[in-house]
Amino acid sequence: MDNDAGRKLIDPERVSAAIDGLGDRAVIAEWAQRFSVVADPSRLALLVSIHYAREISVTDLAAVTGMTDTAVSQALRLLRAHGLVTTQRTGRVVRYRLADATVHELIHRVRPHPEQPVQEEER
């Protein structure tokens with residue numbers, strides 16, 4: 001079978017399935033952009049830290065990651081602009097939390113939660 005570009009296809013059914021799975025190229029471009037944001041080690045460290053803390057302030061994130069408050073704030077601004085984190089204000093304290101379920105799941109795959117200790121009653 002030949003395709004529109006005149007190439008001879010080996011497995012037309014697989015090509016069709018791949019085309020269907022690929023879908024809208026704009027969505028692929030959007031995800032590529034999101035992955036480029038997450039690919040930075042400092043930003044990924046912030047996301048992992050936020051994930052485990054559930055909600056955490058800039059100052060505390062700086063202490064966890066060894067970054068300056070300014071560097072953390074700049075990275076969080078980018079993460080927020082891409083919809084990966086959101087804020088929760090309590091008085092004067094602003095805490096960050098994950099806003100993207102897919103990033104949450106990716107962190108579980110990359111850095112799963114440690115096993116919880118077994119309670120005496122469960123043994």
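Me: Which residues in α4 meet Asp-69, Val-72, Ser-73 and Leu-76 in α5?

Reply: This is a predicted model, in which local features need pLDDT of at least 70, side-chain atom pairs count only at pLDDT 80 or more, and totals for chains, interfaces and linings use all residues. Residues are numbered from 1 along each chain as its sequence is written, and side-chain values use heavy atoms, with hydrogens and water left out. Helices (H or I, at least four residues) and strands (E, at least two) are DSSP runs, numbered from the N terminus, and contact means heavy atoms within 4.5 Å. On the α4 side, the residues are Val-58, Thr-59, Leu-61, Ala-62 and Thr-65.

Me: By class, how many residues of each kind does the contact of α4 with α5 have?

Reply: Ala, Val, Leu, Ile, Met, Phe, Trp, Tyr, Cys and Pro count as nonpolar, Asp, Glu, Lys and Arg as charged, and the others, Gly among them, as polar. By that scheme the contact has five nonpolar, three polar and one charged residues.

Me: Is α4 roughly parallel or roughly perpendicular to α5?

Reply: Axes are lines fitted to C-alpha atoms, for helices over the stretch in contact, with angles from 0 to 180 degrees between N-to-C directions. The axes of α4 (residues 58–65) and α5 (residues 69–81) come within 9 Å and cross at roughly 110°. Angles under 35 degrees count as roughly parallel, over 145 as roughly antiparallel, 65 to 115 as roughly perpendicular and the rest as oblique. Therefore α4 and α5 are roughly perpendicular.

Me: How many residues does the largest nonpolar core have?

Reply: Such a core is a set of buried Ala, Val, Leu, Ile, Met, Phe, Trp, Tyr and Cys residues joined through side-chain atoms within 4.5 Å. Buried means under 20% relative accessible area, exposed over 50%, partly exposed in between (1.4 Å probe, protein chains only). Leu-47, Ile-50, Val-72, Leu-76, Leu-79 and Val-85 have the most contacts inside the largest core, whose residues number 21.

Me: Which residue forms a salt bridge with Arg-34?

Reply: A salt bridge is a side-chain nitrogen of Lys or Arg within 4 Å of a carboxyl oxygen of Asp or Glu. In this case the closest N and O atoms are 1.8 Å apart, and the partner of Arg-34 is Asp-100.

Me: Is Arg-34 buried or exposed?

Reply: Arg-34 lies in helix α2, 66 residues apart from Asp-100 in the loop between β3 and α6. Asp-100 has a relative accessible area of 9% and is buried. Because its relative accessibility is 13%, Arg-34 counts as buried.
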